[in-house]
Amino acid sequence: MLLIDRATVREVYPMKRAVEVMAEAMRRYSGGLVDQPLRTILRPARDTGLLGTMPGFVAGDELAGYGLKAMVLKPENPARGLHLHIGVVMVFDPDTGSPLALMDAGAVTAVRTAAVSAVATEALARPDAGDLAVLGSGVQARSHLEAMALVRPLRRVRVWSRTPANAEAYRLWAAAELGIEVEIAAGPAEALAGADLVCTTTATREPVVQAEDLAPGVHLNAAGASFADHRELSSQAVARASFFVDSRQSALAESGDLRAPIAEGLVGRDHILAELGEVLLGTHQGRRSAEEITVYKSLGLGVQDIMSGFAIAEAAASQGLGHSWNLD
């Protein structure tokens, strides 16, 4: 079995490659080539954290087989200088079922989540979109800026964070690592004003995006708030938008952004227009007009981790990277 650390994941799985793999992952999911249950979330009453597991099987000619992700979320970790999400992605040899590779799940999640948002942006955003607002300043905010710059020429970028020091660190990072100038906004409304491309990457339980702050024609990737009791978008914002998801099943069961307006009677279950994979397969239309507001709600799917895991294992092995562990 190959052991692959965080740095190696990023080295062998650049964002451009991840975007290609994630587009195929979404096509396979909506095309019926994936078997996976809903995430299992364990929240012990005697602990502040949670354990999430995401097993699955992916069919196909390549990057296919069994795999799983297991992650622990510890809310105290950022204050310790550690990542909020700690865990592993594991993939198994398609022929023998032997463990093939074990890798850092935080690094996989950071890249694959942003890569799927890039796929959604290509499919749903206006071709001329390039005025970007990023809400949040953590790992996903950074990887989303990298991903958005890959699929759209960015004219302007604004970031908002609850912690001004984190926003400033984000601004400095973007300039040094990506050569992108970022403006710091005082609040979500200021960041969103006039933006035609938005990425929300927060872990908030209360909405930070209001309907009146969304400009006509904007595309929004809602990549944070991935639990039923968390939400980034107000119910009115969801009701105003054309709503696309990674998985209907997951969104209806796990998305606080969707479940809240359904519970309030503002929208029905049919407010989901399509899965992203259906748009990519051409079985459902994406954006219908330049003025339409589109939202892609990303919860994250096991297929994304599994196909990423196979791609990373393949690249690491071909480059002689990672550490071999003999299980015999």
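Modeller: At 29% relative accessibility, Arg27 counts as partly exposed. The model in which this residue is seen is a predicted one. Glu24 is likewise partly exposed, its relative accessible area being 26%. The side chains of Arg27 and Glu24 meet in a salt bridge, with 3.2 Å from N to O. Arg27 and Glu24 are three residues apart in helix α2, and therefore about one helical turn separates them.

Glu24 has a further partner. Arg28 forms a salt bridge with Glu24, and here the closest N and O atoms are 2.8 Å apart. Arg28 and Glu24 are four residues apart in helix α2, which again means a separation of about one helical turn. The general rule is that an α-helix has 3.6 residues a turn, so residues three or four places apart point the same way. Arg28 has a relative accessible area of 5% and is buried, whereas Arg27 is partly exposed at 29%.

Helix α2 covers residues 15-30, which makes 16 residues. From its first C-alpha to its last it reaches 22 Å, close to the 22 Å expected at 1.5 Å a residue. Its buried residues are Met15, Ala18, Val19, Val21, Met22, Ala23, Ala25, Met26, Arg28, Tyr29 and Ser30. Just after α2 comes Gly32, which takes a positive phi of about 80°.

A search of the whole structure finds 20 salt bridges. One of them joins Lys297 to Asp257, with the closest N and O atoms 3.1 Å apart. Lys297 lies in strand β15 (residues 294-297) and Asp257 in helix α9 (residues 256-263), so this pair ties together parts that are 40 residues apart in sequence. Lys297 and Asp257 are both buried.

Next come the strands. The secondary structure of the chain comes to 11 helices and 16 strands. In general, the strands of a sheet pair through backbone hydrogen bonds, either parallel or antiparallel. Strand β15 belongs to an open sheet of eight strands with parallel pairing, in the order β10-β9-β8-β11-β12-β15-β13-β14. At the edges stand β10 (183-184) and β14 (272-275), each with a single partner strand, so one side of each is left without a neighbour in the sheet. Strand β9 (residues 156-160) pairs with β10 in the parallel sense over two bridges. Val159 has Ile184 in β10 as its bridge partner.

Antiparallel pairing is found elsewhere. Strand β4 (residues 50-58) and strand β5 (residues 65-73) run antiparallel and are joined by nine bridges. Gly52 stands opposite Met71 in β5. β4 and β5 form a hairpin with six residues between them, and Gly60 in the turn has a positive phi of about 150°. β5 also pairs with β6 in the antiparallel sense, over seven bridges. Here the bridge partner of Val72 is Ile86 in β6.

Val89 is found in strand β6, which covers residues 85-92. At 0% relative accessibility, Val89 counts as buried. Leaving aside residues up to four places away in sequence, Val89 touches Leu68, Lys69, Ala101, Leu102, Met103, Ala105, Val108, Asp305 and Gly309. The C-alpha atoms of Val89 and Ala191 are separated by 35 Å, and these two residues are 102 residues apart along the chain.

Finally, the chain as a whole. For 328 residues a compact globule would have a radius of gyration near 20 Å, and the chain agrees with this at 19 Å. The C-alpha atoms fill a box of roughly 60 × 45 × 40 Å along the principal axes. Of the 328 residues, 55% count as buried. Among contacts with a separation of 6 or more, 73% are between residues 24 or more positions apart. The accessible surface of the chain comes to about 13800 Å², and 53% of this belongs to carbon and sulfur atoms.

Note on methods:
Residues are numbered from 1 along each chain as its sequence is written. This is a predicted model: local features need pLDDT of at least 70, side-chain atom pairs count only at pLDDT 80 or more; totals for chains, interfaces and linings use all residues. Side-chain values use heavy atoms; hydrogens and water are left out. The expected span of a helix is 1.5 Å times one less than its number of residues. Buried means under 20% relative accessible area, exposed over 50%, partly exposed in between (1.4 Å probe, protein chains only). A salt bridge is a side-chain nitrogen of Lys or Arg within 4 Å of a carboxyl oxygen of Asp or Glu. The radius of gyration is taken over C-alpha atoms; the globule rule is 2.2 Å times the number of residues to the power 0.38. Contact means heavy atoms within 4.5 Å. Accessible areas come from the Shrake-Rupley method with a 1.4 Å probe; for residues, only the protein chains shown count as cover. Two strands pair if DSSP finds at least two bridges between them.
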